[in-house]
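This briefing goes through one protein model by topic, for use beside the sequence and the coordinates.

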Amino acid sequence: MSGSYDDSVGVEVSSDSFWEVGNYKRTVKRIDDGHRLCNDLMNCIHERARIEKVYAQQLTEWAKRWKQLVEKGPQYGTVERAWCAFMSEAEKVSELHLEVKGSLMNEDFEKIKNWQKEAFHKQMMGGFKETKEAEDGFRKAQKPWAKKLKEVEAAKKAYHAACKEEKLAISRETNSKADPALNPEQLKKLQDKVERSKQDVLKTKEKYEKSLKELDNATPQYMENMEQVFEQCQQFEEKRLRFFREVLLEVQKHLDLSNVASYKNIYRELEQNIKTADAVEDLRWFRANQGPGMSMNWPQFEEWSADLNRTLSRREKKAASDGVTLTGINQTGDQVSQPNKHSSSLSVQSNTVQSVQSSYNPFEDEEDTGSTVSEKEDNKIKNVSSYEKNQSYPTDWSDEESNNPFSSTDANGDTNPFDEDTSSTMEVRVRALYDYEGQEQDELSFKAGDELTKMENEDEQGWCKGRLDNGQVGLYPANYVEPIQ
């Protein structure tokens, strides 16, 4: 501001001491730094809260994705449950990290914000009231002493100049005595000048010593006043430092999940779920449900019937439930039906046929089975994958080429089963989200980012039929791709 007194003007700072004129400004600046540090700490906590939120979201997405993959995958039994326990752990930990995020923002962040508002008061003209008070206090305490210091500096400068002038006058007088051409009048002037120089030296020295003495007398009061203002600044800074320590301890408590009882329970429960995995139990289950322990509908003598040679039309097949193998035989008339207890049977809506055996017998002639075998194998290719746990494998076997669903033609010379009914579904271009390696011959393999054509919509088991750009047709997991916008 114009007209204000600046203590540092005209005074040369000789050291970095606090007592030097103007060096109190570092203490004043610390008040402004305290306000900025509050902002820095709030930004620090805000960034950490954002990290906690993103981590929680990633845990949830990871758990959802892998839970679906494990449940649809070939793993079974107690090991499957132990594996899925990791996804449950991730979901629970995600909730805890969301709570951490909420505590950081709703408690710690808001606490700093409110304290900063109460501790620092902004002025209309800019700056803070606390800074202005400290600046004025130091300036007032230093002003008298700085004024005397300026007088001392001026007296010292005058004394040193007088000494220099005296030395120069004496040197001229000495040189003039050795000069014979110099007249007595000129010599007298030089001697008078030497005398005046000596008197100036005595006067300036006396003034210098007097101003220095006055400065020494004013120094104790100066130090006392400066100490008083400094202590006020120290008290203000002490409040900030203690508050920061308190806040940092609260942040530490919010971040330290090791002391949270529910966090410990999560991993205690996870450990228990993993330890319950029993290989013997899983092997016993697989033997009973997928191995030699399964029941078998052993071949029995069956009477010939004209209805058994009738081929189901495609419309009749669509009316039946997908994925059900027709093995039971219900004969008409007085013949006794002999259904298998462990096989599924399905009645076809017809006025003449109530149940038709659709399982393929490799020992029958191809002319008797017609296209029934080819269409049945086509459905099996679409629904069977090594990545599906509830899959039904073909029970028929044959060395003939006509029984291979991947051959170029079937027994009746039909085309590739993948080319059937592709026109009934609109083709859609999709992009792979992840790498996938085909587990079976009827599955496609691709890399993340590859584009392909979806030919059929997702079935109930989560698989789609598609075509690569090289023309290869096969199956792929529906959740491994996304439509191209």
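A search of the whole structure, which is a predicted model, finds 22 salt bridges. The structure also holds 20 aromatic pairs. Five strands form an open antiparallel sheet, and four nonpolar residues form a patch on the surface.

**Salt bridges within helices**

- Asp33 and Lys29 form a salt bridge, with 3.1 Å between the closest N and O atoms.
- Both Asp33 and Lys29 belong to helix H1, which covers residues 25-72. They are four residues apart, or about one turn of the helix.
- Asp33 has a relative accessibility of 22%, so this residue counts as partly exposed.
- Glu281 and Arg284 form another salt bridge, and here the closest N and O atoms are 2.6 Å apart.
- Helix H6 (residues 279-290) contains both Glu281 and Arg284, at a spacing of three residues, about one turn of the helix.
- Glu281 is partly exposed at 36% relative accessible area, and Arg284 is partly exposed at 48%.

**Salt bridges at the sheet**

- Arg429 and Asp469 meet through their side chains in a salt bridge of 3.0 Å, N to O.
- Arg429 is in strand E1, while Asp469 is in the loop between strand E3 (463-467) and E4, so the pair ties together parts that are 40 residues apart in sequence.
- Arg429 is partly exposed, with 32% relative accessible area. Asp469 is exposed, with 59%.
- A network of salt bridges links Arg429, Arg431, Glu451 and Asp469.

**The sheet**

- The order of the strands is E4-E3-E2-E1-E5, and their pairing is antiparallel.
- Strands E4 (473-477) and E5 (481-483) are at the edges and have a single partner strand each, so one side of each has no neighbour in the sheet.
- From one strand to the next, the twist averages 50°.
- Strands of a sheet pair through backbone hydrogen bonds, in either a parallel or an antiparallel sense.
- Strand E1 (residues 428-432) pairs with E5 over three bridges in the antiparallel sense. Arg431 has Glu482 in E5 as its bridge partner.
- E1 also pairs with E2, antiparallel and over four bridges. Opposite Val428 stands Lys454 in E2.
- Strand E2 (residues 451-456) is mostly covered, with five of its six residues buried.
- Three bridges join E2 and E3 in the antiparallel sense, and the bridge partner of Glu456 in E3 is Lys465.
- E2 and E3 make a hairpin with six residues between them. In the turn, Gly462 has a positive phi of about 90°.

**Aromatic pairs**

- A pair of aromatic rings is described by the distance of the centres and the angle of the planes.
- Among the 20 aromatic pairs of the structure is that of Tyr159 and Tyr208, with ring centres 6.0 Å apart. The planes of Tyr159 and Tyr208 are at 25°, which is under the 30 degrees used as the limit for stacking, so the pair is stacked.
- Tyr159 lies in helix H3 (residues 129-177) and Tyr208 in helix H4 (residues 184-255), so this pair ties together parts that are 49 residues apart in sequence.
- Tyr159 counts as buried, with 18% relative accessibility, and Tyr208 is buried, also with 18%.
- Phe446 and Tyr476 have ring centres 6.2 Å apart and planes at 80°, so the pair is edge-to-face.
- This pair links distant parts of the chain, 30 residues apart: Phe446 is in the loop between E1 and E2, and Tyr476 is in strand E4.
- Phe446 and Tyr476 are both buried.
- Phe18, Trp19, Tyr24, Phe138, Trp145, Tyr222 and Phe230 are linked by ring pairs into a cluster.

**Nonpolar surface patch**

- Trp62, Trp83, Phe86 and Ile274 make up a nonpolar patch on the surface, and together they have about 370 Å² of accessible area.

Technical notes
Residues are numbered from 1 along each chain as its sequence is written. This is a predicted model: local features need pLDDT of at least 70, side-chain atom pairs count only at pLDDT 80 or more; totals for chains, interfaces and linings use all residues. Side-chain values use heavy atoms; hydrogens and water are left out. Patches are made of residues with over 30% relative accessible area and no salt bridge: like charges are joined within 9 Å, nonpolar side chains (Val, Leu, Ile, Met, Phe, Trp, Tyr) within 5 Å. Accessible areas come from the Shrake-Rupley method with a 1.4 Å probe; for residues, only the protein chains shown count as cover. Two strands pair if DSSP finds at least two bridges between them. Helices (H or I, at least four residues) and strands (E, at least two) are DSSP runs, numbered from the N terminus. Axes are lines fitted to C-alpha atoms, for helices over the stretch in contact, and angles run from 0 to 180 degrees between N-to-C directions. Buried means under 20% relative accessible area, exposed over 50%, partly exposed in between (1.4 Å probe, protein chains only). Rings of Phe, Tyr and Trp (its six-membered ring) pair if their centres lie within 6.5 Å; planes under 30 degrees apart count as stacked, over 60 as edge-to-face and the rest as tilted.
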